[in-house]
Amino acid sequence: MKKVFVVLVILGLFISSLNFALAKEVSIWAQVYTPTKTMQVTPANPYPRQALKILAERYNKLHPDVTIKIIEKPATADDRQWILTQMSGGTIPDICWAHVWWVNEDIPKGWWVNLDPFLAQPNPYVEGNKKWLDLFLEGPTQAKISPDGHLYIIPIDLVSTLFFYNKDIFDKVGVGAPKTWAEFMDVCAKLQGAGYLPIASGSFATFGWSWQQLGDMVMWKMEEDIRKLSNLPPTGRIPQEAIAKAVKKGVYNCNDDQYKEWMRLLKDWSKYWTKDWAASGVDFAMKFRKGEVAIYEDGTWRWGELKKDPLVKFKWGAFFTPTLTKDTSKFAATPPRPAKAIGGATAAQWGVTYMAEKRGVVNEAVDFIRYVTTPKNCGYLVNELGFFIPNVKGAPMNPDLRPIFNQLKNGGEETIFTYGDKLTEEYGQERNRIFQRYILGQIDLETAVKENQSALEKAADTMIEKYGWKF
Amino acid sequence: MERKLRIWRYRNAYLFVLPTFILLCIFNYYPAFSGLYRSLFDWAVGGQAKFIGFKNFIEILTDKNFQISVVNVIKLTIWNVLVPSLIIPILVAEMIFNLHSPKAKYIYRVLVISPMVIPSIVILLIWQFIYDADYGLLNAILKNIGLGYLARSWLGDPNTALYAIMAIGFPWIGGTTVLIYLAGLMNIPNSIFDAALLDGVIGLKRFFNIDLPLITGQIKLCVILSLIGTIQGYGTMLVLTGGGPGVATLVPGLYMYQAAFNFGRMGFASAVGVILFLVILWLTILNMKYISSPAEYEAQ
């Protein structure tokens, strides 16, 4: 009897060790979706979350041979620097969050797995699905296509920029949320006249989300010409190759009157911005939360914070960038063309890294992402935080954010050719610096246009050389 | 042979030094020499390095933004060397040194060094609040004393941003620098002061003819440290202005950081690093060569 027992124990140990040896581990770093240590709300832990952990456990029950290991990044480490060092050191998780422009930089290094073949296959967790790609919204997903035409990133959630406004101040001044650019300028003037700081934005110092939207509304004709030049459909994504081609052929040109009008409109609008709009470190959100600024440009991610914040003692609302009409500029389209949404996937945009390939777990990593991107699971993951929108069709969503979802559905930054980092991130920064110097009166319009054209051409040449495009 | 025997005799001492030397080579010398080599390549972390000769250097030196950043760093260096590294700390050290009560001397030494425990990022954030265009302390003071017309966005105005950066740390009494000068003054033999007193060399005369020449070694050290810190530094700009507005506060250190970590151009950033290294080396040699005094050597 004793012998039988010993044999059974040894056999058991052998089988369990065999199982252990066969079990595969898929690691993931999910940025803001990384589960928190506790579910207790504290100032240091304002948004407790555990959805990813629960999904990983459920997945493990379905696939006992696969364990999902959630990696925590040191809080003080910069995201990009952390990714660069982990990639170089061969310790990057199998699934990793990343901005697409970082991925674009890394393509020649072979750090990210091309997900096109997987996206062309069905998602087995969604009944009747023939192509995984079909589950996602077209526009925000197209925005993630890299210059070589492939998708390396799965966009899982969505955000969008908008203008938050202090309803109490608006009521006191007797104005409402503007619909057109002319109304917007009028509202800003009235707010300023009543002694309020009309508008603040953290993006003005670094990027200018609404700047891009305004540019798109002014330069609709140039966009048409760019599309014609590369035989692109009238709507949808404008690839970087088409933009580089337009620069080289002189179709996308900063000396064009449309471009100059864009810059003039920005300068005209700047008289309503907070004085320190060009200082990058200012906490403009705090100014809005304390009721010091009437309008604040930010994104849906601020929604939850504004709802919960005890500092916010006023009623607030949000409006989209108003539409440019002929009342403001002769270059406005007829009929007026509404502003396109800025945003897309940010907090959940996951790629599969070369380490998954090296460790032989690409299929498992992709399968876990497929599991997460079913409408039900995606809704569960994304809605836990309350301020992101699922990028999967049919997923439940926070009803507050439904109008933003509709806006994003109609096309966003992927269709805006002036979008700052469309060609290179370096150009995005350089253009912003030139715009700042022009708006602040350091250089005149002609100098700004000249410098900008030179930077634009340099960026186009860099991309052409990098990807070997021939026109 | 004798030398070999001597090394063998002191082998334990050499063994103790070895780990430090190896770590120094790995973490200090290797990256520096690697940077020199990489500056000749078009290289991003993890990517294929392509030899391009001096192209990076040509691009840097012909880039308008880099030229502006050099002008900015020259202004910052002149300020940082003169005011927070020389004039103010020497004056404070002199004042403490000339106190009669040893207890008072001790208290002031502690008071000068205490602010060093505050993390620099906290100080920067406090200054950010002070400079706030709409609700900042500085503008509030100006408005309350009838100088409201001077109120502005100190960090958001290209005409004032760099000067606002310089003013951070007011009244610029750096704890370590003051202590270095104080130690220098305390090191001067009392017999020199006694002789000076007998000759009637007191007050400013003593300061310029005895104190200053005899702390030249400390001055050299502080000037070199300040040069290196300012020319390489970019933390303040990274936190407060990002180099803006426009390029008003861009400095070569930040230019290098952005090239490396924002745009992934490591070879290019290495070339900026090499230029900074050469400039610092040149200035250090100049400093060593020209800031000297015979009195310094006599005192030693």
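## The nonpolar core

The largest nonpolar core holds 196 residues, and I243(A) and A365(A) have the most contacts inside it. Such a core is a set of buried Ala, Val, Leu, Ile, Met, Phe, Trp, Tyr and Cys residues joined through C-beta atoms within 7 Å; buried residues have 20 or more other C-beta atoms within 10 Å of their own, with C-beta atoms placed from the backbone. Domain 1 (25-156 + 345-398) and domain 2 (159-340 + 416-467) of chain A each give this core at least three residues.

This is a predicted model, where local features need pLDDT of at least 70, side-chain atom pairs count only at pLDDT 80 or more, and totals for chains, interfaces and linings use all residues. Residues are numbered from 1 along each chain as its sequence is written, while chains are lettered from A and ligands numbered from 1 in the order in which they are written.

## Around I243(A)

Leaving out residues up to four places away in sequence, I243(A) touches I226(A), I238(A), Y252(A), F417(A), K422(A) and L423(A). Contact here requires C-beta atoms, placed from the backbone, within 7 Å.

## Two domains in chain A

How far apart are the C-alpha centres of domain 1 and domain 2 of chain A? They lie 30 Å apart, with bounds taken from an automatic or database domain assignment. Across the boundary, 13 residues of domain 1 of chain A meet 13 residues of domain 2 of chain A.

## Where the chains meet

Chain B puts 26 residues into the contact, and chain A puts in 28 residues. On the chain B side, helix 13 (235-240) and helix 14 (252-262) each supply at least two residues; helices are DSSP runs (H or I, at least four residues), numbered from the N terminus.

Terms used:
Two residues are in contact if their C-beta atoms, placed from the backbone, lie within 7 Å. A residue is buried if 20 or more other C-beta atoms lie within 10 Å of its own, exposed if 12 or fewer, and partly exposed in between; C-beta atoms are placed from the backbone.
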